[in-house]
Each structure stands twice: as C-alpha cells, then as structure tokens.
Amino acid sequence: MESKRGWLKQSFGKRLNALHSWNAWIVLLLTVTGIVLSIGAIRGDLGAFRVTLKQLHIYLGLASVLLMVLYAPMIRKHWRQIRARRNQRANLVFVLALLIGWAASGVILWQFRHMPPGLNNAALLVHDLLTWVGVPYAVYHAISRSRWLKRQQRLEQAAASRPPAAASVAAADIAPVASEHATAGRTAAQAVIDALKELPITRASFLRLVAGVLLVIAVGPAFYRWIKGAFDTGGSSTAEYVANDGNRMLPPPAPLPDSAAVVGGGAKGNFRIYTVTEIPTFSSDTWKFAISGLVDKPNAWNWEQFLQMKRTVQVSDFHCVTGWSVYQCTWEGIPLKQLLAAAGVQASAKYVKFYSGDKVYTDALSLSQANGDDIMVAVLMDGKPIPQQLGGPVRLIVPQMYAYKSVKWLQGIELIEKEHMGYWEVRGYDNDAWVGKSNA
Ligand SMILES: Nc1nc2c(c(=O)[nH]1)N[C@H]1C(S)=C(S)[C@@H](COP(=O)(O)O)O[C@H]1N2
Ligand SMILES: [Mo]
C-alpha cells in the first residue's frame with residue numbers, strides 16, 4: 001500500500017520512464033530465458049536447470065503482466081501525449097500487441113494441464129511466432145533509440161540549422177561590392193550547391209536502415225525455416241527423418257495391412273526431436289530387446305526374433321508437455337499388455353521400468369497404468385519403420401500421457417517392486433503424466 005501511494009505520487013513522466021525501463025529489462029530477461037529453454041542441449045546435462053529456468057521464465061512473464069496492469073490506467077493520457085508522433089504511436093500499438101500476445105499464450109502454456117491440447121498447440125505457435133517477430137524488433141528498437149544514435153541525430157540537426165559559414169565567407173571575399181545582377185546569380189548558384197550538399201537521408205536514418213537490414217539478414221533464414229516447419233501440418237519433416245534414417249535394421253519390418261494403408265490418414269503435425277544424449281544409431285547385428293525383473297519368463301530377442309512377435313495397429317495422438325501435439329499417428333507394434341502377459345508378471349511386481357538404448361533415459365508406469373489397452377511398443381509409424389530421430393527402431397507409445405513417458409530407443413523392460421522416477425520426473429516433471437488431468 002505504502003509503495004503504491006509512493007508510485008502514484010511520482011510525476012506521470014517519471015512513472016512512464018520507470019515502466020519503460022522495467023519493461024525493457026524484463027523483456028530482455030524473458031528473451032534470454034526463453035531462448036535458453038528452446039535450446040535442445042539443455043535437455044542433457046542441464047536437465048534439472050531447465051525446469052528451474054522454466055519456472056523463472058513464468059515468474060518474469062507474470063512480472064511483465066504486472067507492468068501492463070500498472071500501465072493500463074496511464075494509457076489514455078500517454079496516447080494523447082504522443083498524438084503528433086506517428087512513429088511512437090505505431091511503436092506503442094505494436095509493443096502492446098506483442099506483450100499481450102506473449103502473455104496470453106504464455107498463460108495457456110503455463111496452465112497447460114487445464115487446457116485442451118489443441119489450444120496448447122496454438123498457444124505455442126503464437127508464443128514462438130511473436131518471439132521471432134518481437135525479439136528482432138526489440139533489438140532494432142533498442143538500437144534506433146540508443147543514446148548514441150540520438151546524439152548523432154542532434155548533431156545533424158544542429159549542423160543543418162547553422163548557416164553555411166564557409167560559403168558566406170567565400171562570397172564576402174570574392175564580391176565585396178557585387179552588382180545586383182551578380183548577387184542574384186550567386187544566390188541561385190549557391191542554392192543549387194546547397195541542395196547538392198543536402199544528404200538524401202540523414203546519417204542516423206541510414207544507420208537505422210543498416211541495423212534493420214542486418215537484423216533481417218541475421219534472423220530471416222532461420223525464421224523462414226521455422227515458419228515452414230510450424231505451419232506445415234502434413235508432417236514433411238517426419239518424412240525427411242524416414243528418408244534419412246541412420247539405423248540399419250535388416251530385414252525391415254513388413255507393415256500389416258492397416259498400417260500399410262495408414263488407416264489414420266497420416267499423422268497431422270510435426271514432431272520436435274527431443275533427446276538428452278546424442279541421437280543413437282542402431283544396427284540389427286547388435287540390437288537386442290529384453291524383458292526381465294519380477295517375471296516368470298525373462299526373455300531377450302534379437303531383431304529377427306523380435307519381428308516375429310504378433311503386432312497390432314492403432315491410431316492415436318501424441319502430446320508433449322511443452323505444448324505441441326501430433327494427431328492421428330498410425331502406430332504398429334506390440335501392445336505392452338501382451339508382452340507383460342507373455343512374460344508372466346509376478347505378484348510382487350508393482351511398477352514397469354523402461355530403459356532406453358541411449359543408456360541415460362528411463363521412465364516407469366505403475367502396473368495398472370502399464371496394462372492400458374493403447375500402450376504400445378511401437379515399430380512402425382504411418383506404415384514406415386520408426387526412424388532413429390523419432391526413437392526407432394522401437395519406442396514406447398503412451399498416448400494418454402505426456403510424451404516424456406514415451407521412451408525412445410526402447411530396449412529394456414524391467415518389472416520392479418519400488419516406484420522409479422524417470423529422467424524428467426527426477427528433474428521436476430510430474431510423475432503423474434495423464435494428459436489434461438489437472439492436479440493443482
Ligand atoms: N530416450 C528418450 N526418450 C524420450 C525423450 C528423450 O529425450 N530421450 N524425450 C521425451 C519427450 S519429453 C518427448 S516430448 C518425446 C519426443 O519424441 P520425439 O523426439 O520423437 O518428437 O520423447 C520422449 N522420450
Ligand atoms: Mo516432451
């Protein structure tokens with residue numbers, strides 16, 4: 001309350017300046033934390049840091065909302081103040097649109113558990129798009145409004161308003177008693193010269209232009225690639241992963257009729273490739289799959305033996321906890337239920353632990369979760385062998401849970417008695433990963 005009164009006691013201009021610089025700092029910090037969050041590398045060694053960083057990013061976002069709340073009662077007066085400055089008005093509208101868009105999509109992503117996956121997907125797209133546009137704009141804004149550039153502009157204005165000293169001295173020297181005709185001629189000639197001396201654009205606006213062009217060159221290509229991927233719902237990058245698969249698994253798995261016909265109609269959307277290690281490469285010469293632990297019949301398979309197990313086909317959606325989804329994937333594989341039944345789960349077993357061939361990533365389900373009908377040890381997607389980027393040759397699919405449960409490069413299943421916390425769960429993700437189930 002005290003500080004609120006203090007805030008209102010300040011002059012309008014002072015408050016405006018304070019909001020402006022707070023906003024600048026918070027946008028800068030949001031940019032840095034946001035960009036670091038989007039870097040794949042921090043999924044590895046810095047995994048736990050990632051969860052903390054996301055929390056920090058959310059707090060900063062809330063601070064940005066608070067600034068907008070403080071600014072709201074001032075907006076009318078501010079708008080009137082800058083009535084004559086079209087650039088400033090345009091800047092204000094643009095910046096407010098950016099901040100509101102970031103905040104609205106950010107709140108959805110923050111509260112993803114209470115939101116339908118489709119909305120999360122849209123929010124992530126908007127959040128990313130605004131970042132691609134807004135961050136270069138903020139950099140441009142910072143450069144073009146920098147003190148240094150402002151000083152350049154002032155110097156130029158001062159120079160322009162000064163009389164051309166050299167020219168008048170010269171005129172006085174050469175023609176101390178000029179005829180009227182000569183004076184008129186001289187004035188006309190000087191006007192031509194003066195016009196030639198006038199720069200078509202000022203130095204300051206030239207520097208602004210250079211900064212703008214450099215920024216477009218710097219981010220343009222990456223932005224274009226992002227746009228192409230983000231708005232392509234036909235899974236073109238998925239097709240690319242299939243075409244460039246580094247795994248050598250022979251023979252390739254022969255798809256069942258439903259799989260070959262792609263009964264789901266083809267996955268809608270693109271997967272983002274996530275890994276906490278280098279992407280591993282597998283060959284059927286050495287690849288093995290095993291189920292062990294508290295089971296009556298532990299078993300290990302090589303690729304050829306593994307392919308002899310009975311498979312089924314299912315169509316399901318795939319949701320990542322960071323907001324993106326891929327819809328209607330046609331998966332073919334061995335239902336986990338079937339594997340568990342064949343292995344003979346012992347009464348003491350309570351959890352099913354999954355091991356990735358990357359030797360780092362693990363996750364687990366309770367036995368009752370693991371017996372869900374749609375949980376699959378998948379070998380094909382949309383009729384094609386799962387490529388290494390997407391977790392092939394074999395990955396787990398748990399459609400109704402966030403995809404951090406869907407272990408890529410699955411090679412081991414172990415029945416255990418005590419609960420196991422997976423890679424991301426240890427680093428702060430919720431062990432309860434049901435999609436859309438809100439748990440406050
Ligand atoms: N081995 C392994 N499995 C993993 C992950 C991983 O990093 N390593 N990431 C998980 C997460 S968080 C998601 S969203 C999905 C991503 O699958 P994709 O890379 O095929 O899109 O894989 C899950 N399984
Ligand atoms: Mo994820």
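Trainee: How far apart do the C-alpha centres of domain 2 and domain 3 lie?

Mentor: They lie 82 Å apart. Keep in mind that this is a predicted model.

Trainee: Where do the domains run?

Mentor: The domain assignment puts domain 2 at 150-197 and domain 3 at 249-426. Domain 1 comes in two pieces, 2-149 + 203-230.

Trainee: Where is the kink in α10?

Mentor: At G220, with an angle of about 40°.

Trainee: On to strands. In which sense do β5 and β6 pair?

Mentor: Antiparallel, over five bridges. Strand β5 is residues 351-356 and β6 is residues 362-366.

Trainee: Which residue in β6 does Y355 stand opposite?

Mentor: T362.

Trainee: And how many residues sit between the strands of that hairpin?

Mentor: Five. K359 is in the loop between β5 and β6, and its phi is near 70°, a positive value in a residue other than glycine.

Trainee: Is K359 buried or exposed?

Mentor: Exposed, because it has 11 C-beta neighbours inside 10 Å, and the cut-off for exposed is 12 or fewer.

Trainee: What about phi of W409?

Mentor: Also positive, near 55°. W409 is in the loop between β9 and β10.

Trainee: Buried or exposed, W409?

Mentor: Buried, because 27 other C-beta atoms lie within 10 Å; 20 or more is the cut-off.

Trainee: New topic. Which residues does the cis peptide bond with omega of about 0° join?

Mentor: L250 and P251. P251 is in the loop between α11 (236-243) and α12 (257-260). Another cis peptide bond joins G392 and P393, with omega about 15°. P393 lies in the loop between β8 (384-385) and β9 (395-397).

Trainee: Last one, the ligand. How many residues surround ligand 1?

Mentor: 19. The closest are F271, C320, S356, Y361 and K408.

Trainee: How does that shell divide into nonpolar, polar and charged?

Mentor: Eleven are nonpolar, four polar and four charged.

Technical notes
Residues numbered from 1 in each chain as written. Chains lettered and ligands numbered in written order. Predicted model: local features only at pLDDT ≥ 70, side-chain atom pairs only at ≥ 80, totals over all residues. Near = placed C-beta within 6 Å. Nonpolar A, V, L, I, M, F, W, Y, C, P; charged D, E, K, R; others polar. Bend = angle between axes of the 7 residues up to and from the residue. Helix = DSSP H or I, 4+ residues; strand = E, 2+ residues; numbered from the N terminus. Domains from an automatic or database assignment. Pairing = 2+ DSSP bridges.
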